[in-house]
Amino acid sequence: MNVIFYITAIIAIIATLLVVTRTNAVHALLYLIVSLLSISVIFFILGAPFIAALEVIVYAGAIMILFVFVVMMLNQGKESLKQEKEWFKIKNWVGPSILSLILLIELIYVFMSLDAPAGSTGIVDTHEVSASLFGPYILGVEMVAMLLMTATVGAFHIGREKKNEYHRYLKKEE
Amino acid sequence: MVTVSMNTGLLLASILFLIGLVGVLTRRNILFILMSIEIMLNATGLAFIVAGAHWLQADGQVMFLFILAMAAAEVALGLALILQMHRQHKTLDSNVLNLLKD
């Protein structure tokens, strides 16, 4: 099982790297789905089967479909691909990458010097999770419900197609 | 049962998080920035799950559920904003959104 964990982790890292470096949005989305699926396998190995199922259904299903629909609506052509390649110059990404690499080295150092007692990952089953969701975390669940409601209404409101109404001070831009 | 140590899991989570961070910092297309934010949120959730599996507590999975709901709400709003931006500016370049400057 350990070997499966490492193979899946490597697939996740490679797929995520490819997401960040693609120029075509649809290819990046497909690699993102691969990355999410492999992370879901890791959840399963770590003993969280319910979360693994949710990751596939909600992340790789719902959220990614939302992305795909928006990419279809935006209808990006060949020009945007060319522009994307132009933006993706070495001088644009080498600085942030080096800084993040330094952060990563620091994190590796911290995690390696952390002596957590190894082993003993066990299954935390769905029953326990739901008991604590509707026990001590009930306020959080209700707040999440309100958040989702607000997001639905807000997305409907923002995404609505309306005429360009400039403020009177900005009229000259028309 | 598996014996994946907590260090390895946290290491994977931090690698994924930093890849997402590089994506946010380097891309100019706002769609890719949103995708990188998704990667970062997912890596955070992975860290919670690893910690929850290590201490055999359900709290990690509960936190992951909250992060999941938050990510769904954020993506819905973000994509609506991207649609509006594409309608008004005909581009996805995040550098054109500096109208407040002048």
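This is a predicted model: local features need pLDDT of at least 70, side-chain atom pairs count only at pLDDT 80 or more; totals for chains, interfaces and linings use all residues.
1. Now helix 3 of chain A by itself. It covers residues 49–74, and at 1.5 Å a residue its 26 residues should span 38 Å; the end C-alpha atoms are 36 Å apart, which agrees. Still, there is a bend of about 30 degrees at A:Met64. Just past the end of helix 3 of chain A, A:Asn75 takes a positive phi of about 55 degrees.

2. Which residues of helix 3 of chain A are buried? They are A:Ile51, A:Ala52, A:Glu55, A:Tyr59, A:Ile63, A:Phe67 and A:Val70. Note that a glutamate, A:Glu55, is in that list. An α-helix has 3.6 residues a turn, so residues three or four places apart point the same way. As for what they pack against, the buried residues of helix 3 of chain A have helix 2 (25–45) of chain A on the one hand, and helix 2 (30–55) and helix 3 (59–89) of chain B on the other.

3. From helix 2 of chain A come, among others, A:Leu29, A:Leu32, A:Ile33, A:Leu36, A:Ser40 and A:Phe43; helix 3 of chain A answers with residues including A:Pro49, A:Ala52, A:Glu55, A:Tyr59, A:Met64 and A:Phe67. By class that contact has 20 nonpolar, 1 polar and 1 charged residues.

4. Chain B has a pair of its own to look at. Helix 2 and helix 3 of chain B pack at an angle of about 175 degrees, with their axes 9 Å apart. That makes helix 2 of chain B roughly antiparallel to helix 3 of chain B. Among the residues making the contact are B:Leu34, B:Glu38, B:Leu41, B:Gly45 and B:Phe48 of helix 2, and B:Asp59, B:Gly60, B:Phe64, B:Ile67 and B:Gly78 of helix 3. The class count here is 16 nonpolar, 6 polar and 2 charged residues.

5. How many residues of chain B are in contact with chain A? There are 60, and they touch 67 residues of chain A. Helix 1 (6–26), helix 2 and helix 3 of chain B each supply at least two residues of that side, and helix 3 of chain B gives the most, with 23 residues. The side of chain B that touches chain A divides into 41 nonpolar, 16 polar and 3 charged residues.

6. B:Val62, in helix 3 of chain B, has 23 C-beta neighbours inside 10 Å and so counts as buried. Apart from residues up to four places away in sequence, B:Val62 touches A:Val129, A:Ser132, A:Leu133 and A:Tyr137. B:Gly20 lies in helix 1 of chain B and is buried too, with 24 other C-beta atoms within 10 Å. Its contacts, leaving aside neighbours within four places in sequence, are B:Ser36, B:Ile39, B:Met40 and B:Ala43.

7. Finally, check the backbone at two residues of chain B. B:Leu56, in the loop between helix 2 and helix 3 of chain B, has a phi near 55 degrees, a positive value in a residue other than glycine. With 14 C-beta neighbours inside 10 Å, B:Leu56 counts as partly exposed. B:Lys90 sits in the segment after helix 3 of chain B and has a positive phi of about 60 degrees, although it is not a glycine. With 9 C-beta neighbours inside 10 Å, B:Lys90 counts as exposed.

Key
Residues are numbered from 1 along each chain as its sequence is written. Chains are lettered from A and ligands numbered from 1 in the order in which they are written. Helices (H or I, at least four residues) and strands (E, at least two) are DSSP runs, numbered from the N terminus. The expected span of a helix is 1.5 Å times one less than its number of residues. The bend at a residue is the angle between axes fitted to the seven residues ending there and the seven starting there. A residue is buried if 20 or more other C-beta atoms lie within 10 Å of its own, exposed if 12 or fewer, and partly exposed in between; C-beta atoms are placed from the backbone. Two residues are in contact if their C-beta atoms, placed from the backbone, lie within 7 Å. Ala, Val, Leu, Ile, Met, Phe, Trp, Tyr, Cys and Pro count as nonpolar, Asp, Glu, Lys and Arg as charged, and the others, Gly among them, as polar. Axes are lines fitted to C-alpha atoms, for helices over the stretch in contact, and angles run from 0 to 180 degrees between N-to-C directions. Angles under 35 degrees count as roughly parallel, over 145 as roughly antiparallel, 65 to 115 as roughly perpendicular and the rest as oblique.
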